Amino acid sequence: MACSLTTGRGIGCKSNVGGIQNVYFGDPAEFTASSVTYDNTTGEIENTGMATGNASIFKFALKGANSFTTTITGSDENGTVFTEQSLAITLQTMDHATLKEIKLLAHSRPKIFVEDRNGNLLMLGIENGMTLTTGTIVSGDAMGDLSGYTLEFSGQEKIGVIHVDGGIANASFVAGLATTSITPATTNE
């Protein structure tokens, strides 16, 4: 592994926004770090390793305050570096079907793809998966309060988040997308 820098970085235009618009949970049995291939030039994920037609990536649409953070930790004493990845999401509206899926997420270590509001698709937990560390089911006190779920995932990896080449249009990512989804029912009077 080379340790020499390869380029500098400018400021760029003011065109980005913060936040996450979608999160995709991948079945950990379907992804292995060795099945993922990278673009030799950019270092982005070129192929997620999903077999065509193997629908094991599940989309959860998000609204409001949702975020991920990757913290790089290095130690001169030990000569090590690793990343701590964390993801915090809010799912609006309580329903039984979503609660069942949250229970499954709590017992697995999914690979997670995050689509930010700038169109970037990033993969978390590529080798070790992500762990649901905290989750709450909230009804709220006042009429304007959240009625739904808050979930926090964490993971440790050798490398940080990785961009997926081509974003959500990546052919291997598209091949793995499931068409099933939950639409929480709303009650109207």
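A pocket is an open set of grid points where a 1.4 Å probe fits, with protein on both sides within 12 Å along at least five of seven lines, and its lining residues have an atom within 4 Å of a point. The exercises below apply to a predicted model.

**Exercise 1. Describe the lining of the largest pocket.**

Solution. 
- Step 1. The lining of the largest pocket consists of 19 residues. Phe-60, Ala-61, Thr-98, Ile-182 and Pro-184 lie nearest the pocket's centre.
- Step 2. Strands β4 (57-61) and β6 and helix α1 each give at least two residues to this lining.
- Step 3. By type, the lining has eight nonpolar, six polar and five charged residues.
- Step 4. The volume of the largest pocket is about 510 Å³.

**Exercise 2. Find which residues touch the most other members of the largest nonpolar core, and which elements supply at least two of its residues.**

Solution. 
- Step 1. The largest nonpolar core has 18 residues. Those touching the most other members are Val-23, Phe-25, Leu-87, Ile-89, Leu-91, Ile-112 and Phe-153.
- Step 2. At least two residues of this core come from each of β1 (20-26), β6 (80-92), α1 (96-107), β7 (111-116) and β10 (148-157).
- Step 3. Another core, of twelve residues, lies apart from this one; Val-36, Ile-57, Met-123 and Phe-173 are among its residues.
- Step 4. As background, nonpolar side chains in soluble globular proteins tend to be buried together.

**Exercise 3. Decide whether Asn-22 is buried or exposed, and list what Asn-22 touches beyond four places in sequence.**

Solution. 
- Step 1. Asn-22 is in strand β1.
- Step 2. The relative accessible area of Asn-22 is 9%. The cut-off for buried is under 20%, so Asn-22 is buried.
- Step 3. With neighbours within four places in sequence set aside, Asn-22 contacts Lys-59, Phe-60, Ala-61, Leu-62, Phe-113, Val-114 and Glu-115.
- Step 4. Val-23, with residues up to four places away likewise not counted, has contacts that include Phe-58, Leu-87, Ile-89 and Ile-112.
- Step 5. Asn-22 and Thr-37 are 15 residues apart in sequence, and their C-alpha atoms are 23 Å apart.

**Exercise 4. Locate the salt bridge and explain which parts of the chain the pair ties together.**

Solution. 
- Step 1. There is one salt bridge in the structure. Its partners are Glu-127 and Lys-158, whose closest N and O atoms are 3.9 Å apart.
- Step 2. Glu-127 is in the loop between β8 (121-124) and β9 (131-138), and Lys-158 is in the loop between β10 and β11 (162-163), so the pair ties together parts 31 residues apart in sequence.
- Step 3. Glu-127 is partly exposed, at a relative accessible area of 36%, whereas Lys-158 is exposed, at 62%.

**Exercise 5. State what is noted about the phi angle of Thr-93 and where Thr-93 lies.**

Solution. 
- Step 1. Thr-93 has a phi near 75°, which is a positive value in a residue other than glycine.
- Step 2. Most residues other than glycine have a negative phi.
- Step 3. Thr-93 belongs to the loop between β6 and α1, and is partly exposed at 27% relative accessibility.

Note on methods: Residues are numbered from 1 along each chain as its sequence is written. This is a predicted model: local features need pLDDT of at least 70, side-chain atom pairs count only at pLDDT 80 or more; totals for chains, interfaces and linings use all residues. Side-chain values use heavy atoms; hydrogens and water are left out. A nonpolar core is a set of buried Ala, Val, Leu, Ile, Met, Phe, Trp, Tyr and Cys residues joined through side-chain atoms within 4.5 Å. Buried means under 20% relative accessible area, exposed over 50%, partly exposed in between (1.4 Å probe, protein chains only). Helices (H or I, at least four residues) and strands (E, at least two) are DSSP runs, numbered from the N terminus. Contact means heavy atoms within 4.5 Å. A salt bridge is a side-chain nitrogen of Lys or Arg within 4 Å of a carboxyl oxygen of Asp or Glu. On a 1 Å grid over the protein atoms alone, a cavity is a set of points where a 1.4 Å probe fits but cannot get out, and a pocket is an open set with protein on both sides within 12 Å along at least five of seven lines; lining residues have an atom within 4 Å of a point. Grid points are joined across faces, edges and corners, and a volume is the space filled by probe spheres set on the points. Ala, Val, Leu, Ile, Met, Phe, Trp, Tyr, Cys and Pro count as nonpolar, Asp, Glu, Lys and Arg as charged, and the others, Gly among them, as polar.
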